[in-house]
Amino acid sequence: MRKYGSKLEDIYSAISRPGKDILSGVDRLINDGIADPNRLAIGGYSYGGYLTNWLITQTTRFNAALSGAGGLEHVSDWGTIDLPVDVTDIFGGFPWEVPHIYQSEGAIYQLDK
């Protein structure tokens with residue numbers, strides 16, 4: 001099992017941690033006058049699609065979003081992809097071992113935000 005970072009809670013944040021970094025970067029671009037807060041769009045494919053799906057559940061700042069081949073829910077990914085060991089490695093265990101991580105990283109569980 002791969003482990004990155006120095007804090008345990010940061011290790012298995014494959015979607016939320018980079019997503020929060022992106023939102024911080026967007027804030028900086030707006031504050032620096034580089035980006036217009038009224039004309040923001042986001043998009044991504046594959047992993048970028050996963051990030052896009054998660055990001056649009058965290059904020060309403062984007063006026064448009066395009067997501068391609070990005071999952072919404074990681075348990076179904078684990079059960080249907082060719083290499084489920086990759087998902088297990090990324091999230092720190094099987095879906096039944098760490099369901100809270102699969103849920104906290106899945107956009108489908110963030111729709112109420």
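Me: Why is Asp-27 called partly exposed?

Reply: Asp-27 has a relative accessible area of 33%. Buried means under 20%, exposed over 50%, and partly exposed in between, with a 1.4 Å probe and protein chains only, so Asp-27 counts as partly exposed. A word on the background: this is a predicted model, where local features need pLDDT of at least 70, side-chain atom pairs count only at pLDDT 80 or more, and totals for chains, interfaces and linings use all residues. Residues are numbered from 1 along each chain as its sequence is written, and side-chain values use heavy atoms, leaving out hydrogens and water.

Me: What makes Asp-27 and Arg-61 a salt bridge?

Reply: The closest N and O atoms of Asp-27 and Arg-61 are 2.4 Å apart. A salt bridge needs a side-chain nitrogen of Lys or Arg within 4 Å of a carboxyl oxygen of Asp or Glu, so the pair qualifies. The two residues sit in distant parts of the chain, 34 residues apart: Asp-27 in helix H2 (residues 16–31), Arg-61 in the loop between H3 and S2. Helices here are DSSP runs of H or I with at least four residues, strands are runs of E with at least two, and both are numbered from the N terminus.

Me: Why is Arg-61 called partly exposed?

Reply: Because its relative accessible area is 23%, Arg-61 counts as partly exposed.

Me: How many salt bridges does the structure hold, and what does Asp-32 pair with?

Reply: There are 2 salt bridges. Asp-32 pairs with Arg-28, with the closest N and O atoms 3.0 Å apart. At 45% relative accessibility Asp-32 is partly exposed, whereas Arg-28, at 53%, counts as exposed.

Me: How do you know that strands S1 and S2 pair?

Reply: DSSP must find at least two bridges between two strands for them to pair. S1 (residues 41–45) and S2 (residues 64–68) are joined by 5 bridges, so they pair, and they run parallel. As an example, Gly-43 has Leu-66 in S2 as its bridge partner.

Me: What makes the unit of S1, helix H3 and S2 right-handed?

Reply: A crossover is right-handed if, with the strands pointing away from the viewer, the path from the first strand over the helix to the second runs clockwise. S1, H3 (residues 47–55) and S2 make a right-handed β-α-β unit. Along the whole sequence the pattern reads α-α-β-α-β-α-α-α, with 6 helices and 2 strands.

Me: Why is Asp-77 called buried?

Reply: Asp-77 has a relative accessible area of 12%, so it counts as buried. Asp-77 is in helix H4. Leaving aside residues up to four places away in sequence, Asp-77 touches Tyr-50 and Gly-71; contact means heavy atoms within 4.5 Å.

Me: Which residues of helix H5 are buried, and what covers them?

Reply: In H5 (residues 84–91), Val-87, Thr-88, Asp-89 and Phe-91 are buried. Their cover includes helix H4 (74–80) and helix H6 (99–105). Just after H5, Gly-92 takes a positive phi of about 85°.
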